[in-house]
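Work through the exercises below with the sequence and the model side by side. Each task is followed by a solution in steps.

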Amino acid sequence: MHQGETNHGDTKWPTYVKKIYRNMLKDLSLKANQVPLLAGEVVHKDQNGLLAEMNTIIQTLPKSIPTSHVISSRGCGAKSDRTHFNSEGIRELGKRYAIKMLSLQYNLVPTHN
């Protein structure tokens with residue numbers, strides 16, 4: 001999943017995500033240990049991200065959902081609005097999602113978190 005800007009600054013965000021994740025698992029008869037949740041950060045502070053503080057909240061997600069993993073947006077390029085990733089940045093973020101999922105499936109050591 002990727003957090004948008006809608007819940008910017010809402011410290012209850014992990015609770016909302018947990019409820020949705022649990023409901024999805026239940027509705028689809030899946031087990032959390034078989035379906036990890038990957039959550040990407042918004043535009044990082046190193047890219048002068050307008051809402052970068054939300055990443056601090058996103059990073060707490062594994063405390064609420066032990067099978068979740070946060071995908072760093074550090075170094076992923078942003079558009080001039082400082083809120084959305086540019087094409088290169090979103091491709092890099094996508095690679096990081098893929099690397100993390102593959103590392104979880106094959107018990108590899110990930111290069112990005």
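The exercises go from the whole chain to single residues.

The model is predicted, so local features need pLDDT of at least 70, side-chain atom pairs count only at pLDDT 80 or more, and totals for chains, interfaces and linings use all residues. Residues are numbered from 1 along each chain as its sequence is written, and side-chain values use heavy atoms, with hydrogens and water left out.

**Exercise 1. Overall fold**

Task: List the secondary structure of the chain and describe its overall dimensions.

Solution.
- Step 1. Helices (H or I, at least four residues) and strands (E, at least two) are DSSP runs, numbered from the N terminus. The chain has four helices and two strands.
- Step 2. Read from the N terminus, the order of elements is α-β-α-α-β-α. The radius of gyration is taken over C-alpha atoms, and the globule rule is 2.2 Å times the number of residues to the power 0.38. The chain has a radius of gyration of 14 Å, close to the 13 Å that the rule gives for 113 residues, so it is as compact as a globular protein of that length.
- Step 3. Along the principal axes, the C-alpha atoms fill a box of roughly 40 × 30 × 20 Å.
- Step 4. Contact means heavy atoms within 4.5 Å. Of the contacts with a separation of 6 or more, 61% join residues 24 or more positions apart.

**Exercise 2. Surface and interior**

Task: State how much of the chain is buried, and which residues touch the most other members of the largest nonpolar core.

Solution.
- Step 1. Buried means under 20% relative accessible area, exposed over 50%, partly exposed in between (1.4 Å probe, protein chains only). Buried residues are 35% of the 113 residues.
- Step 2. Accessible areas come from the Shrake-Rupley method with a 1.4 Å probe; for residues, only the protein chains shown count as cover. The chain exposes about 7,100 Å², of which carbon and sulfur atoms supply 53%.
- Step 3. A nonpolar core is a set of buried Ala, Val, Leu, Ile, Met, Phe, Trp, Tyr and Cys residues joined through side-chain atoms within 4.5 Å. The largest core has 13 residues, and those touching the most other members are Trp13, Val17, Leu37, Met54, Ile58, Leu61 and Ile65.
- Step 4. Two or more residues of this core come from each of helix H1 (13–27), strand E1 (37–40) and helix H2 (54–58). H1 gives the largest share, four residues.
- Step 5. Another core, of seven residues, lies apart from this one and includes Leu38, Val43, Cys76 and Leu93.
- Step 6. Beyond its neighbours within four places in sequence, Ile58 is in contact with Gln3, Trp13, Gly40, Glu41, Val42 and Val70.

**Exercise 3. The salt bridge**

Task: Find the salt bridge and say where its partners lie.

Solution.
- Step 1. A salt bridge is a side-chain nitrogen of Lys or Arg within 4 Å of a carboxyl oxygen of Asp or Glu. The structure holds one.
- Step 2. Arg96 pairs with Glu92, with 2.9 Å between the closest N and O atoms.
- Step 3. Both residues are in helix H4 (residues 87–106), four residues apart, about one turn of the helix.
- Step 4. Arg96 is buried at 7% relative accessibility, whereas Glu92 is partly exposed at 26%.

**Exercise 4. The loop between E2 and H4**

Task: Describe Ser72 and Lys79 in this loop.

Solution.
- Step 1. Ser72 sits in the loop between strand E2 (68–71) and H4. Ser72 is buried, at 18% relative accessibility.
- Step 2. The Ser72 side chain reaches the backbone nitrogen of Arg74 at 3.0 Å, a polar contact (a pair of N or O atoms within 3.5 Å; within protein, one must be able to donate a hydrogen and the other to accept it, and residues adjacent in sequence count only if both atoms are side-chain atoms).
- Step 3. Lys79 is in the loop between E2 and H4 and is partly exposed, with 48% relative accessible area.
- Step 4. Apart from neighbours within four places in sequence, Lys79 is in contact with His84, Phe85 and Asn86.

**Exercise 5. Positive phi**

Task: Examine the phi angles of Asn48 and Arg82.

Solution.
- Step 1. Most residues other than glycine have a negative phi.
- Step 2. Asn48 is not a glycine, yet has a positive phi of about 60°. Asn48 lies in the loop between E1 and H2 and is partly exposed at 47%.
- Step 3. Arg82 has a positive phi near 60°. Arg82 is in the loop between E2 and H4 and is partly exposed, at 32% relative accessibility.
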